[in-house]
Amino acid sequence: MVLELPKRWGKNSEFEGGKSTVNCSTIPIAERFFTSSTSLTLKHAAWYPCDTLEPHIVLLTSDNTIRFYSLKVPQTPIKVIALSDTEEETLTIKKGRAYTASLGETAVAFDFGPQVPVPKHVLGQRGSEEVLGYPLYILYENGETFLTYISLLQSIGSLGKLLGPLPMHPAAEDNYGYDACAVLCLPCVPNILVIATESGMLYHCVVLDGEEDDEQSEKSWDPRSDLIPSLYVFECVELELALKLATGDEEDPLESDFSCPIKLHRDPKCPSRYHCTHEAGVHSVGLTWINKLHKFLGSDEEDKDSLQELGAEQKCFVEHILCTKPLPCRQPSPIRGFWIVSDILGPTMICITNTYECITRPLLSTVHPASPPLLCTREDKDLAVSPLRIVAESEHSFEKHIQSILNCFSLALRKSLREMAERLADKYEEAKEKQEDIMNRCVHKGIYFISHPLMLKFAVVVEQSWQKLQG
């Protein structure tokens with residue numbers, strides 16, 4: 001069942017603008033298939049990692065089959081990968097469990113790796129164009145790991161071919177446990193697989209390309225003798241699922257045989273860190289040796305066995321962030337939901353228990369994502385240089401540079417003032433000419449502009465004498 005939340009909008013970006021109750025849509029996946037096949041159970045589910053396509057969900061069922069479903073057509077798979085022969089699965093025992101499942105030869109989990117070019121020998125074509133696909137690592141309960149390449153954009157028949165089991169080095173008699181339950185591929189190159197067992201063991205494996213040796217060259221006629229990658233077990237980690245309690249001051253702590261399935265979650269904020277959820281709480285694991293591993297693989301070293309020596313130099317960090325089973329007598333409280341969100345103070349873990357209790361914890365881990373390089377450490381000569389740095393490194397001093405700027409400004413200001421003065425002078429001459437023209441016209445009509453008092457008295461006398469003469 002896929003749950004789709006409504007859109008966010010409004011001032012605080014809340015669901016449907018901040019309504020107290022919102023409606024969510026649900027999409028049932030393979031409902032008719034599971035209803036008609038009641039003996040089948042869902043082992044694992046994950047999203048297909050491609051961002052260019054419509055959302056697709058991948059399901060692994062107990063019949064050793066992986067099915068790809070589109071949310072547009074949720075009842076019919078668009079791709080099916082059978083991991084075992086159909087005849088073997090029909091031979092079931094009374095409880096409905098196949099013989100292969102009894103022997104641990106059934107898939108229990110899978111995970112996708114970053115997109116890579118599919119090897120030519122997998123495609124079976126020579127001189128063809130490069131095909132991109134996602135490596136799909138499939139983990140079996142007996143500890144074996146298989147590999148296939150998936151691309152929903154390509155319809156090449158060789159894609160989806162199962163390769164494996166992948167050889168593990170160094171070899172172990174128990175094949176590193178018979179109770180494998182989870183696998184996780186960290187987003188780095190080369191890929192690093194994390195294999196978890198129900199007893200609390202974690203195996204960090206480096207996926208390296210296979211090399212052709214004498215035995216493979218003798219079997220070159222066999223089409224199944226393809227060059228497949230190898231898993232180099234870099235280190236093993238044992239999680240403390242239950243706290244060890246001492247019975248006395250001088251006695252050793254009591255060891256508990258508590259075991260449970262473990263789920264692995266990658267950290268979206270830090271590629272070199274992942275998290276484990278189980279019935280006893282949450283563990284966080286940080287791989288601090290990834291950078292050294294990249295330097296080692298980039299060197300001229302050809303002896304891959306020296307990876308063990310590299311792993312002995314610096315171990316990973318393991319933190320028991322949340323414990324939901326502090327005492328052996330306490331009932332476990334499994335973690336049902338888990339996610340990492342970014343916060344102002346750093347990444348924060350959000351957990352939901354089986355009692356629907358939401359728990360948040362800050363991840364105060366010693367493992368953090370790599371910081372971006374400083375500008376002073378970059379050696380690119382084509383980068384833009386600050387103008388102040390150019391001035392500081394030039395032959396002239398900073399004071400002279402400022403003085404030259406002021407001189408240019410002063411010249412521009414003087415030029416502007418000179419032009420303004422010339423315009424005012426032209427306007428003054430024009431106004432003066434207009435005034436003289438008006439005065440001449442007034443004198444011609446016998447109109448006088450007199451401002452001095454004596455001249456005003458004289459004008460009055462002249463005006464009176466002129467009136468007497470006319471009278």
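Helices (H or I, at least four residues) and strands (E, at least two) are DSSP runs, numbered from the N terminus. Welcome to a predicted model, where local features need pLDDT of at least 70, side-chain atom pairs count only at pLDDT 80 or more, and totals for chains, interfaces and linings use all residues. Residues are numbered from 1 along each chain as its sequence is written, and side-chain values use heavy atoms, leaving out hydrogens and water.

**A covered strand**
- Strand β9 (residues 107-112) is mostly covered, with 6 of its 6 residues buried (buried means under 20% relative accessible area, exposed over 50%, partly exposed in between; 1.4 Å probe, protein chains only).
- Strands β9 and β11 (residues 132-140) run antiparallel, joined by 5 bridges; two strands pair if DSSP finds at least two bridges between them.
- Phe110 has Ile138 in β11 as its bridge partner.

**Aromatic rings**
- There are 7 aromatic pairs, counting rings of Phe, Tyr and Trp (its six-membered ring) with centres within 6.5 Å; planes under 30 degrees apart are stacked, over 60 edge-to-face and the rest tilted.
- The rings of Tyr48 and Phe68 have centres 6.2 Å apart and planes at 75 degrees, so this pair is edge-to-face.
- Tyr48 sits in the loop between β5 (42-47) and β6 (56-61) and Phe68 in strand β7 (residues 65-70), so the pair ties together parts 20 residues apart in sequence.
- Both Tyr48 and Phe68 are buried.
- Ring pairs link Tyr48, Phe68, Phe110, Phe112 and Tyr134 into a cluster.

**Out on a helix**
- Helix α9 (residues 398-444) contains Leu413, which is partly exposed, at 42% relative accessible area.
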